[in-house]
Amino acid sequence: MRMIIKFFVWMTAYSPSFIRISVGKLLGFTAFVLFSDLRKVVIKNLEITGFCLEGKGCHKLVRNVFVELGIAVTQLGPIWSWNIEKTLSLISEVQGIDQLNDAIKKNKGVILFTGHFGSWEFLNQYLAVYWSISIIYRRIDNDVLETLIKNFRTRTGSILLEKKAALRPLIRALREGKMVGVLTDQNVDKHEGIFSPFFGRMASTSPLVASLARVRYSPIFGVFATRTKDHKKIIIKFKELKYDAENFNEQFIIDRQNQILEEEINKNPEQYWWFHKRFKAVKDDDLYPYDFGN
């Protein structure tokens, strides 16, 4: 498996862009055809969030979600394998960088959050080139794959922290005025998360961003890496989550981070990771939405 992944990364890195994109589209379409259980999850998520009308279907959008997944996979070659200067040449535009630099000057550290959207794997590479950043992640169960992929992800100097032991290092980084990064869009067990609206439905959401903000009242930014329509370039966007430090409100921060993520997804819904059962944890009398009768 290790050699297969290394070969795939090498092949997609050094193929012409039109071949790489075509292979990605083919992989995505093949997955769309073969994996019916995943299709059901995607369709249900799109119905819940209002991108599809229940019972009327949205074949094109569902297919494009899978196609974008394939393109994201083949884009890992350039992201993980090109030299750093060439990797950074994938960026066509960086939005919100002035606001981020102003926040860094406050020396309170900066909390970045994002979701499984667009080319999120690119963010590891980009951010660590310019800033010291610690990022929380979930370890891969296979030790060989874990070592291989972690080496790819950290090649520009980002520090990856396993979820179970991440809190103290993240707090330490903020106290030292550094950056920390968190993926916040996955379902959280309802006994650990806080329910917050996400596309009109209550979703159990990690309170980690708000908990970290309370340490030093650090600035918070959403950061996103969106693929351009031709799939050749990436647009980086920083969007500040403004909050009142004197009247600190954890629920407000959690609600606002979901809103910021929603705003980005609405612009390019096909680039979001709809394969995850985001609404698995249900509140009160809500029905479990992923019962497909099998």
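A cavity here is a set of grid points where a 1.4 Å probe fits but cannot get out. Its volume is the space filled by probe spheres set on those points. I note that the model is predicted.

**Entry: cavities**

I looked up the cavities of 30 Å³ or more and found 2. I then listed its lining: Val65, Glu68, Leu69, Ala72, Gly118, Trp120, Arg227, Glu270, Gln271, Tyr272, Trp273 and Phe275. Which element gives the largest share of that lining? It is H4, with 4 residues. By class I get 7 nonpolar, 2 polar and 3 charged residues.

The second largest cavity holds about 40 Å³ of space. I find Asn45, Asp185, Gln186, Tyr272, Trp273, Trp274, His276, Arg278 and Phe279 around it. That lining splits into 4 nonpolar, 3 polar and 2 charged residues.

**Entry: aromatic pairs**

I looked up ring pairs next and got 25 for the structure. I took Phe51 and Trp274 as one case: their centres are 5.6 Å apart, with 65° between the planes. Planes over 60 degrees apart count as edge-to-face, and this pair is classed that way. Why does the pair tie together parts that are apart in sequence? Phe51 lies in the loop between helix H3 (36-48) and helix H4 (59-74), and Trp274 in the segment after helix H12 (250-267), so the parts it ties together are 223 residues apart. Phe51 is partly exposed, at 24% relative accessible area. Trp274 is buried, at 1%.

My next case was Tyr288 with Tyr290. The ring centres are 5.7 Å apart and the planes stand at 75°, so I log the pair as edge-to-face. Tyr290 counts as buried, at 4%.

**Entry: cluster**

I found Phe29, Phe32, Phe66, Trp120, Trp273 and Phe275 in one aromatic cluster.

**Entry: charges over rings**

I looked up charged side chains over rings. Lys86 lies over the face of Trp82, 4.4 Å from the ring centre. The charged end of Arg278 sits over the ring of Phe198, at 5.5 Å from its centre.

Technical notes. Residues numbered from 1 in each chain as written. Predicted model: local features only at pLDDT ≥ 70, side-chain atom pairs only at ≥ 80, totals over all residues. Heavy atoms only, no water. Phe/Tyr/Trp six-rings, centres within 6.5 Å; stacked < 30°, edge-to-face > 60°. Helix = DSSP H or I, 4+ residues; strand = E, 2+ residues; numbered from the N terminus. Buried < 20%, exposed > 50% of the residue type's maximum accessible area, 1.4 Å probe, protein only. Lys NZ or Arg CZ within 6 Å of the ring centre and 35° of its normal. 1 Å grid on protein atoms, 1.4 Å probe; cavity = no way out; pocket = protein on both sides within 12 Å on 5 of 7 lines; lining within 4 Å. Nonpolar A, V, L, I, M, F, W, Y, C, P; charged D, E, K, R; others polar.
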